[in-house]
Amino acid sequence: MGILRVKTTECRVGVVGLYNAGKTVLLTSLINHLQDHDADRFPLGGPATRVRKFTTLPPDPGWEAFNYTGCRDALVHGGRWPAKTRDRAQYACQFERSDWTFSDCLLKLYDLPGERIADAAMLGRSFAEWSEHILSVIANDTAYRHACHPFLTELAGTEIKDDVLLRAYRLSLANLILGFKPLVSPSTFLLDVNGQPARPDTPETLADTRFAGLAADAQFCPLPAALRAARPELVALFEARYAEYVERVVRPAVQALKSCTALVVLIDVTMLLAGGVGMYDDNRLILRDLLDVLAPGEHPVFGPIARGLSKVFLPHQLRPGWITRLAFVAPKLDLVHPTDRDRMLGLMRRMVSRYADNRDGLTFDFFNLASVVSTKVLPAEDGNRFLVGVPLRDADGKKLPPGPEQRFAVSGLPDDWPNDWSAGAYSFPEVYPRMPVRKDYPPEQVNLDRLATFVID
Ligand SMILES: Nc1nc2c(ncn2[C@@H]2O[C@H](COP(=O)(O)OP(=O)(O)OP(=O)(O)O)[C@@H](O)[C@H]2O)c(=O)[nH]1
Ligand SMILES: [Mg+2]
């Protein structure tokens, strides 16, 4: 630490979003840009800011280290995107900024598998309350009701057997997965505690090979009020399993996010448009649950004055933490034609700004960004939009080996969300990443520097 740098400012940044939203790629690119900082390519705070003395630190006890080297290596040498995240991870580093005279920066970044945010509603809810919450989602949404038909049929029966009920719930969760519905809770059905994701298979095989809980003998499912009243022993059993699940899977991740100073919420507008109106509704619902649990905004007891004072006087490890900055991010900007990039931002704003507007003591902003620009742009022709990149999948969605660059068409973006649209109405083909091979040359990005300026405060 420099002689004038008498204190350390700790910034803890949580990145959340549905699976495949682009969290791990965003963190990989961000770390690369900070570690090998080039003020011309990544202006942080201002054009002249230099990042110096960057050191990686071990993660906090109880946290896996974020596999930065592996992720960057996959991008550069494998020419592949990083593998999906299987467990929660933290990356910690310390550096000096030339625009911060008296303080250096301790930055902690948190990455979670997207599946886990479907469980956020469990925190602070009893088993009975969680049951009501899930059952009301199923009751009020045609697609959920349809997928959960096996479970609802079993619940309507006169003699309910525990293992038959659990299997019917698992079958319903499998239908949700296969219907691309993200509210799969307990999320270990989709990604188990050992990090094994569910593989594409028939609903029956998924129901017979996966668990709705921590393990085969620790499963639970929501129970309606009438059944809870009639079967107190089953309620007691599920309550105990639910409590253990919350302690092991949900609380550590949610507590870490709650203690962050800034939260980055990824909303993959391209996926929502491509996925249909149901995907949009689900993402909003999951986000609402998550933000209710994390309750970003000024702390009701300490308030802004105490927070300011604690920043100045307390050593960083004693400083109280809570989320005061919220960044909504539409990733994968490079998959959208430049004529539509402002629309991408507008669509995200319309979808989520109310969630932030309704909270006091919160600074929030919206960013459309590309973590790793992997396409080139061609001029629009007669209203058709074309990009150039190396396609990742064929027309049937099967993965292709890396090949030559190709021109491909992408959908235009609407000015506002349509009232209804079906899956496949919009298309933004995935491409292979374009990464510089030189290890200290970070990828081309758009607006990631603006996001970093906002959250590293
Ligand atoms: N073109 C482009 N594609 C991106 C970008 N960022 C992410 N992607 C695509 O999105 C996919 C998922 O990115 P990840 O960062 O692994 O997603 P995640 O949110 O960490 O997903 P989970 O680990 O499953 O929760 C990648 O495999 C890429 O296909 C980007 O900046 N540009
Ligand atoms: Mg990930």
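## Helix packing and a magnesium site

α1 and α2 pack at an angle of about 100 degrees, their axes 10 Å apart. This is a predicted model, where local features need pLDDT of at least 70, side-chain atom pairs count only at pLDDT 80 or more, and totals for chains, interfaces and linings use all residues. Residues are numbered from 1 along each chain as its sequence is written, chains are lettered from A and ligands numbered from 1 in the order written, and side-chain values use heavy atoms, without hydrogens and water.

Colleague: Are α1 and α2 roughly parallel or roughly perpendicular to each other?

Modeller: Axes are lines fitted to C-alpha atoms, for helices over the stretch in contact, and angles run from 0 to 180 degrees between N-to-C directions. Under 35 degrees counts as roughly parallel, over 145 as roughly antiparallel, 65 to 115 as roughly perpendicular, and the rest as oblique. The angle here is about 100 degrees. α1 and α2 are therefore roughly perpendicular.

Colleague: Which residues of α2 make the contact with α1?

Modeller: Contact means heavy atoms within 4.5 Å. From α1 come Thr-24, Thr-28, Ile-31, Asn-32 and Gln-35. From α2 come Tyr-68, Cys-71, Arg-72 and Leu-75.

Colleague: Which residues coordinate the magnesium ion (ligand 2)?

Modeller: Donors are N, O and S atoms within 2.8 Å of the metal (3.2 Å for Na, K and Ca); water is not among the atoms, so sites may look incomplete. Two OG1 atoms coordinate the ion, at 2.0 Å. They belong to Thr-24 and Thr-85.

Colleague: How many residues apart are Thr-24 and Thr-85?

Modeller: Thr-24 sits in helix α1 (residues 23-35). Thr-85 lies in the loop between α2 (68-76) and β4 (89-97). Helices (H or I, at least four residues) and strands (E, at least two) are DSSP runs, numbered from the N terminus. The pair links distant parts of the chain, 61 residues apart.

Colleague: Is Thr-85 buried or exposed?

Modeller: Buried means under 20% relative accessible area, exposed over 50%, partly exposed in between (1.4 Å probe, protein chains only). Thr-24 is buried. Thr-85 is also buried.

Colleague: How does Pro-401 count, buried or exposed?

Modeller: Pro-401 is in the loop between β10 and β11 (406-410). Its relative accessibility is 61%. Pro-401 therefore counts as exposed.

Colleague: What is the C-alpha separation of Ala-380 and Ala-409?

Modeller: Ala-380 is in the loop between β9 (376-377) and β10 (385-389). Ala-380 and Ala-409 are 29 residues apart along the chain. Their C-alpha atoms are separated by 9.7 Å.
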